[in-house]
Amino acid sequence: MKDKLKYKLGRNIKAERIRRDLTQEEFAENIDMSLSHVSKIEQGITSPTAIALFKMARVLNIPMEKFFDGIEF
């Protein structure tokens, strides 16, 4: 369950980044995170912190809840 949640969350983050036409590198710079860490989050290998989610939502100009679309707990 936990791995599935991380995977879906990462896919949602990636989809929103792509919708905004940002590369992983640009996104990483904008949220002050390493490119490798962004990659691991988008692949569902690791989970972002609440602060990272906040920064991502702000950069992408979306509510944080959007990252959890389609995820059931």
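Asn 61 is located in the segment after H4. The structure is a predicted model, in which local features need pLDDT of at least 70 and side-chain atom pairs count only at pLDDT 80 or more, while totals for chains, interfaces and linings use all residues. Residues are numbered from 1 along each chain as its sequence is written, and side-chain values use heavy atoms, with hydrogens and water left out. Helices are DSSP runs of H or I with at least four residues, numbered from the N terminus.

**Residues with positive phi**

- Asn 61 has a positive phi of about 60°, although it is not a glycine.
- Asn 61 is exposed, with a relative accessible area of 70%; exposed means over 50%, buried under 20% and partly exposed in between (1.4 Å probe, protein chains only).
- Asp 32, in the loop between helix H2 (24-30) and H3, likewise is not a glycine and has a positive phi, of about 55°.
- With a relative accessibility of 67%, Asp 32 also counts as exposed.

**Helices H1 and H4**

- The axes of H1 and helix H4 (residues 50-60) come within 10 Å and cross at roughly 25°. Axes are lines fitted to C-alpha atoms, for helices over the stretch in contact, and angles run from 0 to 180 degrees between N-to-C directions.
- The two helices, H1 and H4, are therefore roughly parallel to each other, a term for angles under 35 degrees.
- On the H1 side, Leu 9, Ile 13, Glu 16 and Arg 17 meet Leu 53, Met 56 and Leu 60 of H4, where contact means heavy atoms within 4.5 Å.
- By class, this contact of H1 with H4 has 5 nonpolar, no polar and 2 charged residues. Ala, Val, Leu, Ile, Met, Phe, Trp, Tyr, Cys and Pro count as nonpolar, Asp, Glu, Lys and Arg as charged, and the others, Gly among them, as polar.

**Ala 15 in H1**

- Ala 15 belongs to helix H1 (residues 2-19) and is partly exposed, with a relative accessible area of 30%.
- Ala 15 and Phe 67 are 52 residues apart along the chain, and their C-alpha atoms are separated by 9.3 Å.

**Glu 42 in H3**

- Glu 42 is part of helix H3 (residues 35-42) and is buried, at a relative accessible area of 2%.
- Apart from neighbours within four places in sequence, the residues in contact with Glu 42 include Gly 10, Ile 13, Lys 14 and Phe 27.

Key: Angles under 35 degrees count as roughly parallel, over 145 as roughly antiparallel, 65 to 115 as roughly perpendicular and the rest as oblique.
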